[in-house]
Amino acid sequence: MAILAIRTIGDQVLASRSTEIETFDAALQRLIDDMFETMYDAPGVGLAGPQVGVGKRLFVYDAGDGPEVFINPELVVADGEWVYEEGCLSVPDYWWEIHRPGHVVMRGLDRDGKPQEVEGEGLLGRVLQHEYDHLEGKLLITRLTDEERKAFHRTMREKLIDS
């Protein structure tokens with residue numbers, strides 16, 4: 001297994017919708033294993049393909065019940081609301097209170113290509129939605145208010161000028 005480089009804000013792969021996975025081979029299994037190692041090393045609770053430069057629809061996660069994989073996920077239910085402080089490995093060192101649905105149901109495939117459905121609330125529901133956003137080409141900052149996003153961009157510009 002290997003630790004992969006985590007792509008950060010400004011990288012184009014993070015701004016593009018990922019493509020479906022059609023081949024379940026040894027290369028995919030190796031990528032999944034490397035993504036788990038990278039996620040635990042970061043440390044994080046989820047990691048999507050685009051975050052390691054792979055524009056494919058997969059993510060790995062561990063919301064406390066052990067390592068899991070979603071391939072070609074589809075968010076079929078999202079209801080309620082839960083506000084929670086959230087960060088992102090691709091936007092390091094920033095945390096915001098983010099509004100998201102509090103309950104979700106996601107369908108997709110597991111690492112062997114078998115259908116699966118996961119229902120999540122709390123942290124699990126949050127992780128599923130966060131990683132799904134990455135596959136849609138959305139970063140956490142798209143969930144911020146206009147004022148929060150402007151403040152973030154202002155801070156990023158100031159860091160660039162100072163560096």
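Residues are numbered from 1 along each chain as its sequence is written, and side-chain values use heavy atoms, with hydrogens and water left out. Because the model is predicted, local features need pLDDT of at least 70 and side-chain atom pairs count only at pLDDT 80 or more, while totals for chains, interfaces and linings use all residues.

**View 1. Helix H2, residues 122–135.** Helices (H or I, at least four residues) and strands (E, at least two) are DSSP runs, numbered from the N terminus. H2 has 14 residues and spans 21 Å from first C-alpha to last, close to the expected 20 Å (1.5 Å times one less than the number of residues). Twelve of the 14 are buried, so the rest of the structure largely encloses this helix. Here, buried means under 20% relative accessible area, exposed over 50%, and partly exposed in between (1.4 Å probe, protein chains only). Among the buried ones you'll find Leu 124, Arg 126, Tyr 132 and Asp 133.

View 2. Buried or exposed? Gly 137 counts as buried, at 18% relative accessibility. Leaving aside residues up to four places away in sequence, Gly 137 touches Leu 14, Ala 15, Ser 16 and Arg 17 (contact means heavy atoms within 4.5 Å).

**View 3. Two salt bridges, Asp 33 with Arg 111 and Arg 57 with Glu 136.** A salt bridge is a side-chain nitrogen of Lys or Arg within 4 Å of a carboxyl oxygen of Asp or Glu, and the count comes to eleven. In the Asp 33–Arg 111 pair, the closest N and O atoms are 3.0 Å apart. That pair links helix H1 (residues 26–41) to the loop between strands E6 (103–109) and E7 (115–121), 78 residues apart. For Arg 57 and Glu 136, the closest N and O atoms are 2.7 Å apart. Arg 57 sits in the loop between strands E1 (46–48) and E2 (58–61) and Glu 136 in the H2–H3 loop, so this pair ties together parts 79 residues apart in sequence. Arg 57 is buried at 1%, whereas Glu 136 is partly exposed at 25%.

**View 4. A salt-bridge network around Asp 133 and Arg 143.** Asp 133 and Arg 143 form a salt bridge, with closest N and O atoms 3.0 Å apart. Asp 133 is buried at 6%, while Arg 143 is partly exposed at 34%. Glu 86, Arg 100 and Arg 126 are linked with these two in the network.
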